[in-house]
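Student: Can we go through this one together? I would like to know what packs against what.

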Amino acid sequence: MFETGAIWEYTEEGLKRSDNYDAIRNYLSTNSAARAQRLKANESKNSKSLVLSMDDHEEVEDEFNGVKVKWYSNVKVTQTQSNYGRTSSDERRFFTLTFHRRHRGMIIETYLNHVIDEGKAIGLRNRERKLYTNNSSSEWYPWRSGKWSNVPFHHPATFETLAMDPEKKERIKKDLIKFSKGKDYYKKVGKPWKRGYLLFGPPGTGKSTMISAIANFLDYDVYDLELTTVKDNSELKKLLLDTKGKSIIVIEDIDCSLDLTGQRKTEKKEKKEAEKLSKVTLSGLLNSIDGLWSACSDEKIIIFTTNFVDKLDPALIRRGRMDNHIEMSYCKFEAFKVLAKNYLEIESHELYGEIERLLEETEVSPADVAETLMPKSDEEDADACIKQKEKAKKLAEEEEKSKAEKEEKRKKKKAEEEEKKKKTEEEEKKKKEKKVEGSEENGSVSVENGIK
Ligand SMILES: Nc1ncnc2c1ncn2[C@@H]1O[C@H](COP(=O)(O)OP(=O)(O)OP(=O)(O)O)[C@@H](O)[C@H]1O
């Protein structure tokens, strides 16, 4: 005796697409497509490539723990006639699963969960990743505010192309792998499956590049949250809760987006600056993050970036909120070698020794180095680039030197001026004292004269 069950593509009201139907379709296309007689290619909006799946009215067999089941892809067509006599057809697709009655318990309790879990994982692997940005509040489009818009995420940065200390890079990668495989661990210790990263360092040291590398490494979506366009604390909370799992929520330049002091600004200029910021407050941000963590069960990472870590309120970056603090620093030799390999495809050069020495002495951002390594025209080859790089370093070094000399001169001049000032003051003091002495002498004479 056989039993059959159906899973429909759309919910009964026809409004919402069934996640389970999609998961089954993914599962069947990967596991049974080879056995189907006819396949159809779907160009799915959310998929990065064409998806092959069973065509309508196809049948495939699957086997699980020694039990055989059959899947059919069906389509039900209904014709409707409008008031004006025009007919339109509506197609509703569904899968039916047929199995022997004696396996009912195993099919419902184990097999279907296996199919749906596998199908969802396949969907995640095939999905086109997204970069979300929050819409700004607008008088003209009020319905858009507080919502996310998205575009496909295609940033090419990877950990291989990221120029930084190799040991630090490995530590970060290990931390990310541990996090992404930590579902059971987080469940066991009763903590939400999340991690906070604080990236800090001077401009152009690769904070944004690092975020893209993390997203590519973990295969996550990115939610780029522009705090200055968030209307208020409640809109912020809503936006954060409206984020999916396997994603990174990014707030860049957090110190510029928020009044982090919590103090009232009195100066006119500062007041103007504050007006440019949103009405989101520090405590609102802290509450929203804590609220997000307590509500989420899916894996999520939140990243703040700043150029001025000292400006941030300790509450914002304490461990537990920002678990990992990563400093992005100026370009040292190891990082330079990565950039030279990326941009010029070279592993070594006669000038490397000199460059290593110069990089030890100068503070230059990887962004500046990358800029000089980028060939400006077809004629420029790697050798010319590296020489230009060395020239630029030398110039920077000379500039540093002349700066130091100027500073020395300025100090010397100031000291001389102070010395001169002191001398004149002393001379004037002496002159005054002399005058007083003179007048005292005159006075005593007159007294003496008077006694006389
Ligand atoms: N560590 C790095 N590795 C590789 N490329 C880098 C690195 N740092 C900077 N770059 C290059 O410089 C450009 C600017 O870097 P990026 O925007 O990541 O710096 P940032 O630290 O986020 O700067 P800001 O603080 O100004 O936002 C990048 O597009 C990239 O090409």
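Predicted model: local features only at pLDDT ≥ 70, side-chain atom pairs only at ≥ 80, totals over all residues.

Student: What is the strand order in the open sheet?
Tutor: The order is E8-E7-E10-E11-E12-E9-E13, seven strands with mixed pairing. Helices (H or I, at least four residues) and strands (E, at least two) are DSSP runs, numbered from the N terminus. Two strands pair if DSSP finds at least two bridges between them.

Student: Which strands are at the edges?
Tutor: Strand E8 (148-152) and strand E13 (324-327), each of which pairs on one side only.

Student: And how many bridges join E10 to E11?
Tutor: Four, and the two strands, residues 221-224 and 247-251, run parallel. Aspartate 224 stands opposite valine 250 in E11.

Student: New topic, helices. At what angle do H3 and H5 cross?
Tutor: Roughly 45 degrees, and the axes of H3 (residues 166-180) and H5 (residues 207-218) come within 11 Å. Axes are lines fitted to C-alpha atoms, for helices over the stretch in contact, and angles run from 0 to 180 degrees between N-to-C directions.

Student: Why are they called oblique?
Tutor: Angles under 35 degrees count as roughly parallel, over 145 as roughly antiparallel, 65 to 115 as roughly perpendicular and the rest as oblique. H3 and H5 are therefore oblique to each other.

Student: Which residues make that contact?
Tutor: Lys173, Leu176 and Ser180 of H3, with Ile214, Phe217 and Leu218 of H5. Contact here means C-beta atoms, placed from the backbone, within 7 Å.

Student: What about H11 and H13?
Tutor: H11 (residues 333-344) and H13 (residues 366-373) pack at about 35 degrees, with their axes 10 Å apart. Residues that meet there include Phe336 and Leu339 in H11 and Val369 and Leu373 in H13. By class, this contact has 10 nonpolar, no polar and no charged residues. Ala, Val, Leu, Ile, Met, Phe, Trp, Tyr, Cys and Pro count as nonpolar, Asp, Glu, Lys and Arg as charged, and the others, Gly among them, as polar.

Student: Last one, how many residues surround the ligand?
Tutor: There are 15, and the closest are Ala163, Pro203, Gly206, Pro366 and Ala367. H5 and H13 are the elements that give two or more residues to this shell. A residue is near a molecule if its C-beta atom, placed from the backbone, lies within 6 Å of it.

Student: And by class?
Tutor: Eight nonpolar, six polar and one charged.

Terms used: Residues numbered from 1 in each chain as written. Contact = placed C-beta atoms within 7 Å.
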